[in-house]
Amino acid sequence: MTSLSATIQNVFNEPNCAKNANKSEAARKKGCTKQLQPGGAAGGCAFDGAKIALQPFTDVAHLVHGPIACEGNSWDNRGSASSGSDLWRRSFTTDMHEIDVVFGGEKRLYKAIKEIIAKYDPAAIFVYQTCVPAMIGDDINAVCKIASAKFGKSVIPVNSPGFVGSKNLGSKLAGEALLEYVIGTQEPDCTTPYDINLIGEFNLSGELWQIKPLLDEIGIRILSCISGDGKYREIASSHRARAAMMVCSKAMINVASKMRERYGIPFFEGSFYGIQDTSDALRKIARMLIERGAPPQLMERTEAAVAREEAKAWAAIERFKPRFAGKKVLLITGGVKSWSVVAALQEAGLEIVGTSVKKSTSEDKERIQKLVGHDAHMIEDLTPREIYKMLKGAKADIMLSGGKSQFVALKAATPWLDINQERCHAYMGYVGIVKLMEEVDKALYNPIWDQLRRPAPWDEAEINWQAKALAQVDVSAAGGTPTLLGAARAPYAKRTRSRKTVELSIIEECIPTHGSTTVGAMPQDTHASVPAQPMSALQAAE
Ligand code: SF4
């Protein structure tokens with residue numbers, strides 16, 4: 001068992017990540033992302049990252065050891081879907097209080113584990129460490145070990161307290177927990193030459209189910225998915241897979257590379273977003289399996305499925321092309337989505353005016369350059385104010401981003417579509433790309449945007465009223481007959497009496513209300529002093 005700091009240093013040394021491999025020894029020790037300032041854990045702490053990475057395992061209990069707020073912060077913040085157990089969505093926490101800070105929270109943790117096993121009998125329990133118990137020195141590794149031995153149940157410590165770093169680091173620490181305590185601890189019922197692992201696929205809104213039927217048809221079996229719709233037994237026996245795909249995310253690259261080291265499972269990084277990328281990924285999986293002993297007919301089946309599905313998908317998105325002609329997209333998302341979604345959008349004829357690359361690696365950036373060309377507008381960091389300016393200046397017709405920046409787009413009255421983890425639609429595979437285009441189309445052509453961009457009715461009335469009133473004055477000054485305006489007069493009568501200075505428009509409203517026959521009688525009728533300029537203009541017209 002390694003200490004937390006040793007595990008973190010181990011995670012920072014990732015030879016399979018090009019960005020990491022090019023760093024000096026000293027830079028590598030500092031990790032990948034800027035350390036957060038105290039209190040500035042916006043965007044997720046390390047605990048949050050670990051919870052996000054593992055919560056989609058459906059048949060295990062996720063127990064958060066710490067004050068209740070940590071669980072409140074992280075519960076259900078990813079829209080994964082399950083085909084079976086819903087235990088993963090149940091919220092378990094030790095709910096530490098001041099007294100536990102004084103006397104320690106280990107006993108409380110042990111009791112919570114015992115209670116969960118008695119009431120729910122889960123396949124396993126994942127115990128998440130948070131800042132407070134880590135700072136007071138609660139040894140969750142020891143408690144989990146004792147509880148495992150006592151209850152004969154896998155109790156896995158996930159040692160990733162929030163203060164150690166970013167969400168991304170937390171996901172990697174979650175991967176380390178899987179490698180140390182779960183993967184390789186059980187054997188699958190049977191193995192085939194067609195078994196693969198999907199790593200970093202979270203089954204958001206059921207996306208995995210857009211790809212699984214296709215893999216089933218080709219004859220490829222998902223031995224385990226880490227972690228979308230994952231079952232504990234599948235992960236424990238995932239070391240028997242023949243190949244692995246790291247799905248659009250380097251968050252768990254340590255799992256993929258250590259499984260290659262330990263069990264000889266080759267992996268590649270691919271994407272199921274977009275027609276071309278989906279086809280490439282399917283071909284790569286088939287090629288890898290054939291290299292590891294699967295019959296070559298696998299490639300024929302793959303090519304047949306790819307040809308059929310591609311034709312269907314192209315035909316389905318064809319209808320959007322005229323509607324998307326000349327439409328520009330601003331993409332504010334993280335990491336690999338900066339290129340995988342770019343490819344998908346371009347396939348439907350949308351123009352990318354900018355894509356954020358803040359969390360992207362140099363490989364991701366190279367891919368974007370290839371896709372968008374040398375004019376690629378790669379945005380390192382864009383403040384909400386800059387995004388607003390871009391949208392308000394009509395530099396983009398729609399923004400695709402996570403929920404955090406949606407209000408910037410809404411304030412700029414610009415269509416917006418959620419493509420991050422909280423999204424409600426599944427965009428993966430050939431079916432998913434068509435769904436994505438449907439949603440972009442709905443957002444772009446929603447009639448609400450026209451209404452939002454129009455001046456508010458009260459602003460419009462104000463402008464019209466003033467403009468009409470001024471026009472009347474002009475007519476009067478030119479010797480014409482002034483016409484009194486306005487239908488809704490009653491509310492103004494009260495205002496007129498209580499004011500010392502009166503706007504021209506109010507005076508005009510009040511003349512019929514008080515039965516005044518001359519403008520000169522107005523001050524007497526309304527008890528108001530009237531500014532000299534408008535009065536003289538009207539008096540001139542009398
Ligand atoms: S683990 Fe720490 S940083 Fe994360 S939510 Fe809990 S207290 Fe906050």
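How many of the six residues of strand E3 (residues 124-129) are buried? Six of the six are buried, and the strand is mostly covered. The model is predicted: local features need pLDDT of at least 70, side-chain atom pairs count only at pLDDT 80 or more, and totals for chains, interfaces and linings use all residues. Residues are numbered from 1 along each chain as its sequence is written.

**View 1. Strand E3 and its two partners.** Helices (H or I, at least four residues) and strands (E, at least two) are DSSP runs, numbered from the N terminus. A residue is buried if 20 or more other C-beta atoms lie within 10 Å of its own, exposed if 12 or fewer, and partly exposed in between, with C-beta atoms placed from the backbone. Ala124, Phe126 and Tyr128 point one way from E3, Ile125, Val127 and Gln129 point the other way, and all are buried. In a regular strand the side chains alternate between the two faces of the sheet. Strand E1 (residues 61-65) runs parallel to E3 and is joined to E3 by five bridges; strands pair if DSSP finds at least two bridges between them. His62 has Phe126 of E3 as its bridge partner. Strand E4 (residues 154-158) also pairs with E3 in the parallel sense, over five bridges, and there Tyr128 is partnered by Val158.

**View 2. The largest nonpolar core.** A nonpolar core is a set of buried Ala, Val, Leu, Ile, Met, Phe, Trp, Tyr and Cys residues joined through C-beta atoms within 7 Å. The largest one has 129 residues, and those with the most contacts inside it are Leu63, Ile125, Val127, Ile156 and Ala244. Helix H21 (residues 429-444) gives the most to this core, with eight residues. Two residues are in contact if their C-beta atoms, placed from the backbone, lie within 7 Å.

**View 3. Helix H11 and its cover.** In helix H11 (residues 208-218), the buried residues are Leu208, Gln210, Ile211, Lys212, Leu214, Leu215 and Ile218. Their cover includes strand E5 (195-201), strand E6 (221-227), helix H15 (297-318) and H21. Just after H11, Gly219 takes a positive phi of about 105 degrees.
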